[in-house]
Amino acid sequence: MHWVSWNVALGALDKGGLGIGSLRASNLALMYKWIWRIALNPNAKWATIIKLIHGPATGIADLSPRQKGKVGNGRIVPFWLDEWCGNGTLASRYPRLFHLEVNPACLVAERRWKLADDGVFSVSVSRVAIDDMLLPSSATATRWFEYVPRKTNIFLWRLAIDRLPTRLKLSQKGLDIEDIGCASCHHGIEDADHVFFRCPIAIDIWRRIYIWINMDRPIPLFLSWQELILWVDNLQDASEVKKKIMVIFATSVWTIWKLRNSIIFGPSPIRKCGLFDFICDMSFNWYCNRGRKSIYLNVWLLKPL
Ligand SMILES: [Zn+2]
């Protein structure tokens, strides 16, 4: 069962994807790199060989200026309408491309490579630009938490876009689910907000977490992952404190989901009395190992922030 379109996952983090990048964009960017190199060195031996192999119709334009100094900074010479490179104007040599031009009188400087400040072609920059054009884009950027493992970050991404296989979601996908109620408390429909924030078992875990991290202000009982993220974002605390809070909250959510799965799929449910200790240990491991921090476990257990 597909929960998220592959094209969405391929997209950049700031476009709501997972930043994987598409093979199509990589392939195109690598091919453009060859075009760029041949355009800069049209008379190089290797360029001549490629032209001989593929014939004169390689689609590669010779963009080296005909007379040294004619183009200058490119702010005077028209790109399409002046014979500044090769034989004839670019408009006469590439009429179909010229037909697509929105500004036929544009200057050479306006059609230079602009994706990098230094004006030099880059495969990585091109790949991202191509993906930005071809892949779907969301107005909400993906949150990627530094001290949290990749698999948990992907899990949190699915939670943020409501693509976790809760009983309600499975039912909405057309599966014949006998009971869409919460398997933990048997009160309420099992959607993501219930599992992680409204279920009495989850609320009990959050209360213990709040007491443990012992902040100098009350923490609200969140009703959704979005509310939780917004609250952390708006904290005035140091960045490192916020990262610690997110490690603990991410571990809590991850653990609640593991509990839910163990109740539904067995063979034996995780013991609820051990959940809090499990969250303390796992968040400590993630913080120390992934954050490369040196801190004693007893300090973490007593005062994590
Ligand atoms: Zn419940």
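Reader: What's the radius of gyration, next to what a compact globule of 305 residues would have?
Author: The chain has 28 Å, whereas a compact globule of that length would have a value near 19 Å. The radius is taken over C-alpha atoms, and the globule rule is 2.2 Å times the number of residues to the power 0.38. Keep in mind that this is a predicted model: local features need pLDDT of at least 70, side-chain atom pairs count only at pLDDT 80 or more, and totals for chains, interfaces and linings use all residues. Residues are numbered from 1 along each chain as its sequence is written.

Reader: And what box do the C-alpha atoms fill?
Author: Roughly 80 × 50 × 35 Å, along the principal axes.

Reader: How many helices and strands?
Author: 14 helices and zero strands. Both are DSSP runs numbered from the N terminus, helices being H or I with at least four residues and strands E with at least two.

Reader: How much of the chain is buried?
Author: 22% of the 305 residues. Buried means 20 or more other C-beta atoms within 10 Å of the residue's own, exposed means 12 or fewer, and partly exposed is in between, with C-beta atoms placed from the backbone.

Reader: OK, packing. At what angle do helix 12 and helix 13 pack?
Author: About 130 degrees, with the axes 9 Å apart, for helix 12 at residues 239-265 and helix 13 at 275-290. Axes are lines fitted to C-alpha atoms, for helices over the stretch in contact, and angles run from 0 to 180 degrees between N-to-C directions. The two helices are therefore oblique to each other. On that scale, under 35 degrees is roughly parallel, over 145 roughly antiparallel, 65 to 115 roughly perpendicular, and the rest oblique.

Reader: Which residues of helix 12 and helix 13 make the contact?
Author: Helix 12 brings Lys244, Val247, Ile248, Thr251, Ser252, Thr255 and Leu259, and helix 13 brings Leu275, Phe278, Ile279, Met282, Ser283, Trp286 and Tyr287. Contact here means C-beta atoms, placed from the backbone, within 7 Å. By type, the helix 12 and helix 13 contact has nine nonpolar residues, four polar and one charged. Nonpolar covers Ala, Val, Leu, Ile, Met, Phe, Trp, Tyr, Cys and Pro; Asp, Glu, Lys and Arg are charged; the others, Gly among them, are polar.

Reader: What about helix 7 against helix 12, what's the angle there?
Author: About 80 degrees, with axes 11 Å apart and helix 7 spanning residues 150-160. Helix 7 and helix 12 are therefore roughly perpendicular. Thr152, Phe155, Leu156 and Leu159 of helix 7 meet Ala250, Val253 and Trp254 of helix 12. That contact divides into six nonpolar, one polar and no charged.

Reader: Switching to loops. Is Tyr147 buried or exposed?
Author: Tyr147 counts as buried because 20 C-beta neighbours lie inside 10 Å. Tyr147 is in the loop between helix 6 (123-134) and helix 7.

Reader: What does Tyr147 touch, leaving aside neighbours within four places in sequence?
Author: Lys243, Val247, Trp286, Tyr287, Arg290 and Gly291.

Reader: Which non-glycine residues have a positive phi?
Author: His186, with phi near 60 degrees, is one of them, and Asn214, near 50 degrees, is another. His186 is in the loop between helix 8 (167-172) and helix 9 (192-198), and Asn214 is in the loop between helix 10 (200-213) and helix 11 (225-233). His186 is exposed, with 9 other C-beta atoms within 10 Å, and Asn214 counts as exposed with 10.

Conventions
Contact = placed C-beta atoms within 7 Å.
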